[in-house]
Amino acid sequence: YQSVNRQRVTLRGFEVKGSWQVSARNSVRVAYGQTQGTDTSTGQPLNSVNPAKLVLGVDHKVGAWKLGATVQHTAAKDTDDIDYSGTANQFATPAWTTLDLNASWQIRPGLKLSGAIRNLTDKKYWEWTNVRGIAANSTVLDAYTAPGRSFALALVADF
């Protein structure tokens, strides 16, 4: 892998992010972003640009507890958005969707216990940034998959 500075590029895209407090206990989060990039010197797409991503989340508060769920959908990497000059058989990532669940407990002011189950459905997927330059017929392509179902636990102290 090698970083390459380009002389002239054009990037077009947008990001939108917001949240809505539905009630005192419930909130909804949404974020969406998409970008396209072109190396204007060669007319080729920029492989460093990720596919579009949508994130939707809901949170519910019950006393000192906060429960939530997040769905993340990433579009497939469009073959028209890939510069194949470096890797003729570049792997184009398919679309993927994951579901994360999380909970946190505010034990006392300044001390919080958080837990999460990430990729609850154990979806096999690849993030575009991890497979740039990897051929679709690579025998080690599966080594570049994102983590399957995982668990996280954290105790956070603010002082």
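Tutor: This is a predicted model. In it, β5 (65-74) and β6 (96-108) each supply at least two residues of a nonpolar patch.

Student: Which residues form the nonpolar patch on the surface?
Tutor: The patch consists of V62, W65, L67, W105, I107 and L155. Together they have about 540 Å² of accessible area.

Student: Why is L155 called exposed?
Tutor: The relative accessible area of L155 is 58%. Exposed means over 50%, so L155 is exposed. L155 is found in strand β8.

Student: How many salt bridges does the structure hold?
Tutor: The structure holds 3 salt bridges.

Student: What makes R6 and D39 a salt bridge?
Tutor: The closest N and O atoms of R6 and D39 are 3.3 Å apart. The cut-off is within 4 Å, for a side-chain nitrogen of Lys or Arg and a carboxyl oxygen of Asp or Glu, so the pair qualifies.

Student: Why is the R6 and D39 pair said to tie together parts of the chain?
Tutor: R6 lies in the segment before β1 (9-21), whereas D39 is in strand β2 (residues 26-39), so the pair joins parts that are 33 residues apart in sequence.

Student: How do you know whether D39 is buried or exposed?
Tutor: D39 has a relative accessible area of 4%. Buried means under 20%, so D39 is buried.

Student: What makes D59 and R29 a salt bridge?
Tutor: Their closest N and O atoms are 2.9 Å apart, and the limit is within 4 Å, so the name applies. D59 lies in strand β4 (residues 53-62) and R29 in strand β2, so this pair ties together parts 30 residues apart in sequence.

Student: Where are K124 and D142, whose side chains meet in a salt bridge?
Tutor: The N to O distance of K124 and D142 is 2.9 Å. K124 is in the loop between β7 (111-118) and α1 (128-131), and D142 is in the loop between α1 and β8 (150-157), 18 residues apart.

Student: What makes K124 and D142 partly exposed?
Tutor: K124 has 45% relative accessibility and D142 has 47%.

Note on methods
Residues numbered from 1 in each chain as written. Predicted model: local features only at pLDDT ≥ 70, side-chain atom pairs only at ≥ 80, totals over all residues. Heavy atoms only, no water. Helix = DSSP H or I, 4+ residues; strand = E, 2+ residues; numbered from the N terminus. Buried < 20%, exposed > 50% of the residue type's maximum accessible area, 1.4 Å probe, protein only. Patch = residues over 30% accessible without salt bridge, like charges linked within 9 Å, V, L, I, M, F, W, Y side chains within 5 Å. Areas by Shrake-Rupley, 256 points an atom, 1.4 Å probe, with all protein chains shown as cover.
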